[in-house]
Amino acid sequence: MQPTIDDEEDDSRADLSGEIRLPATLEGAGPLPARAEIAIVGGGVMGLSIAYHLARRGLTDVIVIERGYLAEGASGRNGGGVRQQWSTEINIRLMQESVELCRRFAVDLGVNVWFRQGGYLFLARNAKEVARLEKNIDLQNRFGVHTRMLDPAQARDIVPELDLTGIVGASYNPSDGILFPWPFLWGYARQAAAHGVRIFTQTPVGTIEPMAGGGYLVKTPRGAVAARRLINATGAWSPQLAAMIGVDVPTHPIRHEICSSEPLKPFLKPMVSELSSGLYCSQSMRGEIVGGVTVPGHGSTYGMGSTLEFLATYARRLVRLMPILGEVKILRQWAGPYDQSPDGNPILGAPADHPDFFLACGFVGHGFMMAPIVGKLYAEWLTGEPPHEIFSRYTLRRFHDGSGASAPKEDFNIG
Ligand SMILES: Cc1cc2nc3c(=O)[nH]c(=O)nc-3n(C[C@H](O)[C@H](O)[C@H](O)COP(=O)(O)OP(=O)(O)OC[C@H]3O[C@@H](n4cnc5c(N)ncnc54)[C@H](O)[C@@H]3O)c2cc1C
């Protein structure tokens, strides 16, 4: 299904003959401009966030090149969870800022993204998981995130429908939340376009050639653009794009499945996540229970098919946790790719031998929530501010020269 840009705009409807009709401010047709200061490849949340923030800072000679429709990749297929419960200082601080940007999104960009801060409740089934949560809470509290440890009864005060059998503790941060991913992208796209950024959909990048004197010639079926700087924001496809100029990006795609139920009367406030199984679920503003579970063994694949194994595993775990959901009907099931990096942290900045080729990939299962702040920090750097420490810590180099320690070990890559 192709998302439309806005229900209220007739000219945003998908044209089933193959070309997406976009609002006048976006471009789905016509040739690429001959030149651009920055070409961003990838019309997911990361590319669009960077484009928007660049435009806000006055750098508008920017084009976004997306091979399909906006939100075609992981950005249109995810759970919309936004949390500050992390295990490293850098990710906690980044996510504090990202939550603030999410909170202001509707006002700043004029689009309601249904951001709802109902908290995140992580459930532990053994002492080791409790110790892990306690350690993280200590750190989170030090940076002003008000996560607290709960005993099982307190967890049930927050979600009365929980079956506490086997639950020994929980962590809860009330200011974590969920959002509806699609309008988030539309907000960025529309505002970036309104500021002068040109966004081309249905435009696959086929080759990239380094140019004498710097920059890249980016070739597509709509023609070529000579870009002084190029940003690779192609998510799980980043290794393929980087390989076009001989750069080795060591991420791989892992299929993750997810599903959504019929709408129910609102009852579930937080995102609930069970550490042992990787089960997570939340209730959308429309009432659907949206959730997933880790099903190991899918291997590295771009396949986005759905499996009965996922559905059965999810149903068993969900009903064990909330028996009240036993009769609920699942209406939709889909999948998307995690862009899995070797250490679970993102890969940012430019390789030494390609200083004009910037990476924004390796975000695993948390790229949506990080996109607001990463886009902002990238834009600050590319418009002349000193680079934020994420660009010296989350380098590609760390995988090639043994400087892996520059990226602190994040062990809370879940839910
Ligand atoms: C099931 C699931 C649940 C998730 N849940 C969450 C969550 O709760 N919270 C969270 O923060 N994150 C979550 N994530 C992760 C999150 O969705 C991603 O990290 C994020 O969307 C990545 O955004 P992106 O823009 O980097 O990549 P994408 O959204 O994948 O965008 C990359 C784009 O590049 C385009 N592209 C690729 N190759 C080319 C080419 N050659 N030329 C032109 N364009 C190209 C693709 O078509 C695609 O649109 C989840 C992911 C999945 C799959």
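Colleague: Which residues touch the most other members of the largest nonpolar core?

Modeller: Ile40, Leu54, Phe184, Leu348 and Tyr378, out of 62 residues in that core. A nonpolar core here is a set of buried Ala, Val, Leu, Ile, Met, Phe, Trp, Tyr and Cys residues joined through side-chain atoms within 4.5 Å. Buried means under 20% relative accessible area, exposed over 50%, partly exposed in between (1.4 Å probe, protein chains only).

Colleague: What are the ground rules for the model?

Modeller: It is a predicted model: local features need pLDDT of at least 70, side-chain atom pairs count only at pLDDT 80 or more, and totals for chains, interfaces and linings use all residues. Residues are numbered from 1 along each chain as its sequence is written, and side-chain values use heavy atoms, with hydrogens and water left out.

Colleague: Which elements give two or more residues to that core?

Modeller: β1 (35–41), α1 (45–56), β2 (62–65), α2 (89–109), α5 (181–194), β18 (357–361), α8 (367–382) and α9 (390–393). The top contributor is α8, with ten residues. Helices (H or I, at least four residues) and strands (E, at least two) are DSSP runs, numbered from the N terminus.

Colleague: And what is Ile40 in contact with, sequence neighbours aside?

Modeller: Skipping neighbours within four places in sequence, the partners of Ile40 are Gly47, Ile50, Ala51, Leu54, Val62, Ile63, Val64, Ile65, Ile231 and Ala233. Contact means heavy atoms within 4.5 Å.

Colleague: How many residues are in the second core?

Modeller: That separate core has 25 residues, including Leu121, Ala170, Leu279 and Leu318.

Colleague: Back to α8. How many of its residues are buried?

Modeller: 13 of the 16 residues in α8 are buried, so read it as mostly covered. The helix α8 also bends by about 35 degrees at Ile373. That bend is the angle between axes fitted to the seven residues ending there and the seven starting there. After α8 comes Gly384, with a positive phi near 105 degrees.

Colleague: Switching to sheets. What is the strand order in the eight-stranded one?

Modeller: It runs β5-β6-β4-β13-β14-β15-β12-β16, an open sheet with mixed pairing. Two strands pair if DSSP finds at least two bridges between them. The edges are β5 (148–150) and β16 (330–340), each pairing on one side only. The twist averages 20 degrees from one strand to the next. Axes are lines fitted to C-alpha atoms, for helices over the stretch in contact, and angles run from 0 to 180 degrees between N-to-C directions.

Colleague: How does β4 pair with β6 and β13?

Modeller: Strand β4 (residues 120–124) is antiparallel to β6 (residues 169–173), over five bridges. Tyr120 has Asn173 as its bridge partner there, and Leu123 stands opposite Ala170. With β13, β4 runs parallel, joined by four bridges. Leu123 partners Glu274 in that strand.

Colleague: Which residues cover each face of β4?

Modeller: Tyr120, Phe122 and Ala124 are on one side, Leu121 and Leu123 on the other, and all are buried. That is five of five residues, so β4 is largely enclosed by the rest of the structure.

Colleague: Which helix lies across this sheet?

Modeller: Helix α7 (residues 308–321) lies across β4, β12 (252–263), β13 (271–274), β14 (280–283), β15 (288–292) and β16. It runs at about 115 degrees to β15.
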